[in-house]
Amino acid sequence: MKDLSLHILDIVQNSIRAEARTIKVEMASGTDGMLKMLISDDGKGMDEEQVNRVKDPFFTTRTTRKIGLGISLLTQKAEQSGGYLKIESAPGKGTEVNAVFEISHPDCPPLGDIPGCAWMLMASNPGLRMIFRLVSATEEYEWDSNEINEALGGLPLTEHDVKASIIEWFNADFCKFKEFND
Amino acid sequence: MTKVKTLADLKKLREDLQEKIRLRESGEHPESLVQVKVAMATCGIASGAKDVMTFFMEELEKRGIDAVVTQTGCMGYCYAEPTLEITLPGQSPLVFGYVNSRKADEIIEKYIKKGELVDGIIPVTYQSINDNQKEG
């Protein structure tokens with residue numbers, strides 16, 4: 001995966017498979033030089049054995065194949081960037097995937113197209129509530145699909161002018177968040 | 001076009017656009033829509049499925065084709081990613097492999113619009129004579 005936006009797309013698929021109705025993606029950076037990426041959901045969760053094994057690329061709940069690389073690849077990216085990945089989950093309590101990266105590390109992956117990723121997840125999963133939050137030391141930006149759909153009143157997110165406007169809005173917030181990290 | 005920075009701006013945009021756009025009632029008649037499911041597992045995303053999905057979402061809208069484009073998990077064809085499954089109204093689903101923007105354009109123009117088969121179909125729904133005999 002070339003950047004973190006693709007990892008977000010990947011990990012969110014796990015939440016969707018876990019029958020989550022609300023998925024939150026938060027990217028936070030403060031004065032400690034670390035970027036924290038938290039993906040949390042209210043899906044069916046995992047038991048202790050699954051949590052212990054989920055970083056193993058040869059462990060998967062899928063039946064179409066025998067490997068699961070999503071968490072393994074994200075763990076590798078976090079660890080090679082001077083960070084770590086931690087998962088908290090319990091049956092019926094949802095799951096939190098917390099990946100931390102050292103921003104100044106040469107192997108820290110780029111953020112990628114977070115606005116495009118957010119739009120795509122919202123547009124292609126209309127029954128799901130997606131909340132994206134960007135938090136820096138001085139600012140917070142939130143994009144909530146429920147609020148956006150309510151404001152649109154039935155207009156599809158895929159409509160050309162709607163998509164262009166939303167991406168422009170997200171990009172404006174994202175650029176300010178990135179400025180703090182540069 | 002209204003510049004959007006807040007939810008209030010989105011509401012204003014909605015007022016501007018509602019006169020031009022027919023609100024889609026796809027939720028009531030999903031069986032009459034073309035359904036496109038893009039496999040977005042790790043293998044698919046790493047192979048470029050995001051760009052393929054974006055292409056379908058934009059181009060189907062632009063070309064006036066009533067369709068629902070959704071993500072799905074791994075279909076098991078990791079060797080042929082990006083893959084997608086297309087179901088035309090009243091027909092069996094077809095799976096296409098090695099899809100890029102150029103192949104996506106061909107799929108839209110030939111298969112979705114005209115029902116013409118194109119190269120790159122993964123024959124998952126193919127039933128041989130032996131399969132039919134076993135079922136019988």
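Colleague: Is the crossing of helix 5 of chain A and helix 1 of chain B right-handed or left-handed?

Modeller: This is a predicted model, and in it that crossing is right-handed. Two packed helices are described by the angle between their axes and the distance between the axes. Here the axes of helix 5 (residues 145-152) of chain A and helix 1 (residues 7-18) of chain B come within 8 Å and cross at roughly 35°.

Colleague: Which residues in helix 5 of chain A and helix 1 of chain B meet?

Modeller: From helix 5 of chain A they are A:Glu147, A:Ile148, A:Ala151 and A:Leu152, and from helix 1 of chain B they are B:Leu7, B:Leu10, B:Lys11 and B:Arg14. Sorted by class, this contact holds five nonpolar, no polar and three charged residues.

Colleague: How many residues of chain B are in contact with chain A?

Modeller: On the side of chain B there are 32, and they touch 33 residues of chain A. Helix 1, helix 2 (42-47), helix 3 (49-62) and strand 2 (67-72) of chain B each supply at least two residues of that side of chain B. By class, the residues on this side of chain B are 18 nonpolar, seven polar and seven charged.

Colleague: Where do I start with chain A on its own?

Modeller: Start with the list of elements. Chain A has six helices and six strands, and from the N terminus on they run α-β-β-α-α-β-β-α-β-β-α-α.

Colleague: What radius of gyration does chain A have, and what would a compact globule have?

Modeller: With 182 residues, a compact globule would be near 16 Å, and chain A, at 16 Å, agrees with that. Its C-alpha atoms fill a box of roughly 45 × 35 × 25 Å along the principal axes. Of the 182 residues in chain A, 40% are buried.

Colleague: In which order do the strands of the sheet in chain A stand?

Modeller: Strands of a sheet pair through backbone hydrogen bonds, either parallel or antiparallel. In chain A six strands form an open sheet in the order 3-4-2-1-5-6, with mixed pairing. Strand 3 and strand 6 (140-144) of chain A are at the edges with a single partner strand each, so one side of each has no neighbour in the sheet. From one strand to the next the twist averages 10°.

Colleague: Which helices of chain A pack on this sheet?

Modeller: One of them is helix 3 (residues 70-80) of chain A, which touches strand 3 and strand 4 of chain A; its direction makes about 135° with that of strand 3 of chain A. Helix 5 of chain A also packs on the sheet, touching strand 5 (129-135) and strand 6 of chain A, and its direction makes about 60° with that of strand 6 of chain A.

Colleague: How many bridges join strand 4 of chain A to strand 2 and to strand 3 of chain A?

Modeller: Eight bridges join strand 2 (residues 34-41) of chain A to strand 4 of chain A, and the two run antiparallel. Six bridges join strand 3 (residues 84-89) of chain A to strand 4 of chain A, also antiparallel. Strands 3 and 4 of chain A form a hairpin with five residues between them, and A:Gly92 in the turn has a positive phi of about 80°.

Colleague: Which residues of strand 4 of chain A are on the covered face, and which on the uncovered one?

Modeller: A:Thr95, A:Val97, A:Ala99 and A:Phe101 are on the covered face, while A:Glu96, A:Asn98, A:Val100 and A:Glu102 are on the uncovered one.

Note on methods:
Residues are numbered from 1 along each chain as its sequence is written. Chains are lettered from A and ligands numbered from 1 in the order in which they are written. This is a predicted model: local features need pLDDT of at least 70, side-chain atom pairs count only at pLDDT 80 or more; totals for chains, interfaces and linings use all residues. Axes are lines fitted to C-alpha atoms, for helices over the stretch in contact, and angles run from 0 to 180 degrees between N-to-C directions. Helices (H or I, at least four residues) and strands (E, at least two) are DSSP runs, numbered from the N terminus. A crossing is left-handed if the near helix is turned anticlockwise from the far one by less than a right angle, and right-handed if clockwise. Two residues are in contact if their C-beta atoms, placed from the backbone, lie within 7 Å. Ala, Val, Leu, Ile, Met, Phe, Trp, Tyr, Cys and Pro count as nonpolar, Asp, Glu, Lys and Arg as charged, and the others, Gly among them, as polar. The radius of gyration is taken over C-alpha atoms; the globule rule is 2.2 Å times the number of residues to the power 0.38. A residue is buried if 20 or more other C-beta atoms lie within 10 Å of its own, exposed if 12 or fewer, and partly exposed in between; C-beta atoms are placed from the backbone. Two strands pair if DSSP finds at least two bridges between them.
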